[in-house]
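Q: I am new to this protein. Can we walk through it feature by feature?
A: Gladly; here it is.

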Amino acid sequence: QQQPTVPLNLIPKGELNFYDYFSDSWLITKHNFLGLNTSAMSHVEQACFQAIRRPDYYVHPTSKMFVDWTDFMVEHMSKWWGVFRIARDDDPTMFRHVVDIFDHYLVKKASAYNQGLGRSSSSSQESSVLPPLHRTLAMVAFREYQTAFHPERGPLLTSHVLAATLASLIPMGFGRILVVGYEPDDRTRVFEAFELIEASYKGATLRHPKHSNTFSLNLGPTEFAYAKIPKEGWVKTFAYDSNVPKGALRGVQLAIQGQLKTEKEAQHHGTRTEEWLGDKYDASYWKYFYLTEPDTLLHTKPELLPSIREGLDRGLSFFPHRLQPIPHEHDIPLQKFKGNDRPQSWQLPFEQQQEESKKNHHDKKTTDHHPKHFSDRFAGMFLPANVHPFSNITILDSKNKPEEYHCCDAGNGWPGRSKEFGTDQLPCDNKSWWACGFVGVDPSKYRPPARIQQLHKRLMPYPMMSLEQGTGVIFGPTNAGRRCFPSKSPCASQELHVIPPSRS
């Protein structure tokens, strides 16, 4: 039975800057995947750059992004939590709250999946019908996040954000999601994330024991697996001791090309085809390939998946908009972490604002001069909720208001990186342009609204938004400085691709 397809509303090539395409994530065809030259990937970013542009450095005409950002976008999280200094601060409150945000996201996604599983089991729909993008092999180039000042935090943060990333991929219906690591402890962190998935999703089962070199987890039509890069030469370059995306792509390429089949080949490379492709399907099964990072949560719309597949079959490559979360007062916990308190019980300021206001109208922490959270010393590390325009937050809710779930691309412009400010991507002490207002400030010092607006003048032109079915944190621009405007109606067509169902 053919699944209906809907038009793909894509941004014309001339409306995009090269860096707009960059999100460290892509969805491409087998032909384009095998054309990637891993030997030339001296830098981590080149795993994405090569997919975007031709060898002559011009953007490939088949590289596409969506007019409506909600059609295909990612939340990229590590730079956001870096501003909060969760790896350095002796007080664990913000660190535990960040972990809780990922836990809350995992629970939310698992609940939706489990409820859908119950509905489908009671319906007459055939369970043998595979998702449109099932012939996709997804790769997560894994690394553990280090917290040198508090080394015990790194493993917890890593496993929980990876679990959230994996949960974001489940609705895509990919046939295989491969987490690829290199360092000795990577296997343990990935196993911990798989355990979180198994504990949250009905029907999820770990297939191999913990002491095995490789292991996998089955959930419906999707298989998760871990693969270890076998050789230093696969990841080492003049720029990096460990370029994991390069090694991940090399492993899958060799497996797809049949260069890990024989015993001699397996011994030479130190790995086998099954570790990369599994044993359920042979190499010819995989038609599409997705690459991402372990801190990058994917969002799309289920009704678009058949059209995305058809677009891939016609040679298109898809690059998600990379949402840049901006530290905001709405993301700060009200309560100080206390020992064994369950972080799941914490609430964000906007969830308790009315309740707190009723309790004490004279509490200094609810005045205009003090942030509504557990400690005033963090005031310089986020945008305050009572200063315009950062006080105006639009909630995008794909579940309860799907007809209003749109954010329309604003066109060819990057206001936070305009000539007025300078177009450099890292203009402030080697920090990203959107973080300039957080650099070199005393977090404990009070600032009047006018000073806050001046510090964050680069962010003033961007609408502030939050994804109800995402992490819930506040975002504005993309990492490259592009912007969209939330809309209650579908975005106007730009480059409309009306893709009919395939005949096969």
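Q: Where is the place of Gln146?
A: Gln146 sits in the loop between strand E5 (136-141) and H5. Helices (H or I, at least four residues) and strands (E, at least two) are DSSP runs, numbered from the N terminus.

Q: What kind of model is this, and how are residues numbered?
A: This is a predicted model, where local features need pLDDT of at least 70, side-chain atom pairs count only at pLDDT 80 or more, and totals for chains, interfaces and linings use all residues. Residues are numbered from 1 along each chain as its sequence is written, and side-chain values use heavy atoms, with hydrogens and water left out.

Q: Is Gln146 buried or exposed?
A: Buried means under 20% relative accessible area, exposed over 50%, and partly exposed in between (1.4 Å probe, protein chains only). Gln146 counts as exposed because its relative accessibility is 64%.

Q: How far apart are Gln146 and Thr158 in sequence and in space?
A: They are 12 residues apart in sequence. Their C-alpha atoms are 8.6 Å apart in space.

Q: At what angle do helices H5 and H6 pack?
A: Axes are lines fitted to C-alpha atoms, for helices over the stretch in contact, and angles run from 0 to 180 degrees between N-to-C directions. Helix H5 (residues 153-169) and helix H6 (residues 186-200) pack at about 50°, with axes 8 Å apart. That makes H5 oblique to H6. Angles under 35 degrees count as roughly parallel, over 145 as roughly antiparallel, 65 to 115 as roughly perpendicular and the rest as oblique.

Q: Which residues in H5 and H6 meet?
A: Contact means heavy atoms within 4.5 Å. On the H5 side, the residues include Thr158, Leu162 and Leu166. On the H6 side, they include Val190, Phe194 and Ile197. The residues of this contact divide into 10 nonpolar, three polar and two charged. Here Ala, Val, Leu, Ile, Met, Phe, Trp, Tyr, Cys and Pro count as nonpolar, Asp, Glu, Lys and Arg as charged, and the others, Gly among them, as polar.

Q: What is the order of the strands in the open sheet of six strands?
A: Strands of a sheet pair through backbone hydrogen bonds, either parallel or antiparallel. Two strands pair if DSSP finds at least two bridges between them. The order here is E11-E4-E13-E17-E16-E14, with mixed pairing. Strand E11 (296-300) and strand E14 (393-396) stand at the edges, each with a single partner strand, so one side of each lacks a neighbour in the sheet. On average, neighbouring strands of this sheet are turned by 40° against each other, direction ignored.

Q: How many bridges join E14 to strand E16?
A: Four bridges join E14 to strand E16 (residues 464-467), and the two run parallel. Ile395 has Ser466 in E16 as its bridge partner.

Q: Which residues of E13 are on each side?
A: In a regular strand the side chains alternate between the two faces of the sheet. In E13, His321, Leu323 and Pro325 are on one side, with Arg322 and Gln324 on the other. Both faces are covered. Five of the five residues of strand E13 (residues 321-325) are buried.

Q: How many bridges does E13 form with E4 and with E17?
A: Strand E4 (residues 72-76) pairs with E13 in the parallel sense over three bridges. Met73 has His321 as its bridge partner there. Two bridges join E13 to strand E17 (residues 474-478), and these run antiparallel. Leu323 stands opposite Thr478 in E17.

Q: Which residues does Ala141 touch?
A: Ala141 is found in strand E5. Ala141 is buried, at 7% relative accessible area. Leaving out residues up to four places away in sequence, its contacts include Val180, Pro245 and Thr292. The C-alpha atoms of Ala141 and Pro245 are separated by 5.1 Å, though the residues are 104 apart along the chain.

Q: What is phi in Arg85, and what is omega between His388 and Pro389?
A: Most residues other than glycine have a negative phi, and most peptide bonds are trans. Arg85 has a positive phi of about 60°. A cis peptide bond joins His388 and Pro389, with omega about 0°. Pro389 lies in the loop between helix H11 (349-359) and E14.
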